[in-house]
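Please read the notes below alongside the model.

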Amino acid sequence: MPTLRTHHVGVLVKDVPKALKSYTNDLGYEVRSALFHDPIQTAFVQFLALPGDSVLLELVAPDGPESRLTNGLKKGGGINHICYAVPAIEEAILHFGDHGFMSIHPPQPAVAFNGRRIAWLMNRDHLLVELVEQGGTNDL
Amino acid sequence: MDKLAVVFRDVFDLPNLEIDDLTRDNFALWDSLAHVKLIIEIEEAFNVKFTIDQVADTRSVEELRKLIGEKDGV
């Protein structure tokens, strides 16, 4: 079984800066990254965390009306996915595949993770899972 | 009742969607995430299981109908 570490929970929002203000002012989150545009994911993303918490919160917003996230936002947005950091992404994909997850995207480099690859899967309960290659201590 | 059309209409939240000519190339909402959602719902509705290759290779309603193996009323 691959070693999984919960990396972040993704929350789909209309507008990242506006949502960020709410999370920082109202709930005490701290900003942990710049605002990134990822053209492959057709999204703007930014990471936050509660003080002392190792699990990040990712705010995700469509980068325009043609974004693949726009349809999900029409259904209300909110909690969108859970992301696990894994030491070997191909091995982890095989493991998830053996346990009922279907691959949505094969591994692709992600802007927010400095080119570390991410992959997307979903199981029959519609749980959307992102896998990210584990980074170093100072990486997101 | 066209069970496959019901699945499509539910997944895409389009109650009047006509599906017969749909392909992943001519229907922009049918992206890779929607495709997996469709497969999950089709497997449940038709009590079938697809292989990983079948999931990846299927790109149209016509191909889905063949895969499901029902000729009439699907």
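1. Basis. This is a predicted model, in which local features need pLDDT of at least 70 and side-chain atom pairs count only at pLDDT 80 or more, while totals for chains, interfaces and linings use all residues. Residues are numbered from 1 along each chain as its sequence is written, with chains lettered from A and ligands numbered from 1 in the order in which they are written.

2. Fold of chain B. Chain B has four helices and zero strands (DSSP runs numbered from the N terminus: helices are H or I, at least four residues; strands are E, at least two). Its pattern along the sequence is α-α-α-α. The radius of gyration of chain B is 11 Å, close to the 11 Å from the globule rule for 74 residues, so chain B is as compact as a globular protein of that length (taken over C-alpha atoms; the rule is 2.2 Å times the number of residues to the power 0.38).

3. Burial in chain B. Buried residues are 19% of the 74 in chain B (buried means 20 or more other C-beta atoms within 10 Å of the residue's own, exposed 12 or fewer, partly exposed in between, with C-beta atoms placed from the backbone).

4. Helix pair in chain B. H1 (residues 3–12) and H2 (residues 32–46) of chain B pack at about 140 degrees, with axes 10 Å apart (axes are lines fitted to C-alpha atoms, for helices over the stretch in contact; angles run from 0 to 180 degrees between N-to-C directions). H1(B) and H2(B) are therefore oblique to each other (under 35 degrees is roughly parallel, over 145 roughly antiparallel, 65 to 115 roughly perpendicular, the rest oblique).

5. Residues in that pair. In H1(B), B:Val7, B:Phe8 and B:Val11 are among the residues that meet H2(B), whose side includes B:Leu38 and B:Ile42 (contact means C-beta atoms, placed from the backbone, within 7 Å). The contact has nine nonpolar, no polar and four charged residues (nonpolar: Ala, Val, Leu, Ile, Met, Phe, Trp, Tyr, Cys and Pro; charged: Asp, Glu, Lys and Arg; polar: the others, Gly among them).

6. Chain contact. Nine residues of chain A and 10 residues of chain B take part. Strand S7 (residues 102–109) gives the most on the chain A side, with three residues.

7. Positive phi. A:His126, between strands S8 and S9 of chain A, has phi near 65 degrees. B:Asn47, in the loop between H2 and H3 of chain B, has phi of about 55 degrees. B:Asn47 is exposed, with 7 other C-beta atoms within 10 Å.

Conventions: Contact = placed C-beta atoms within 7 Å.
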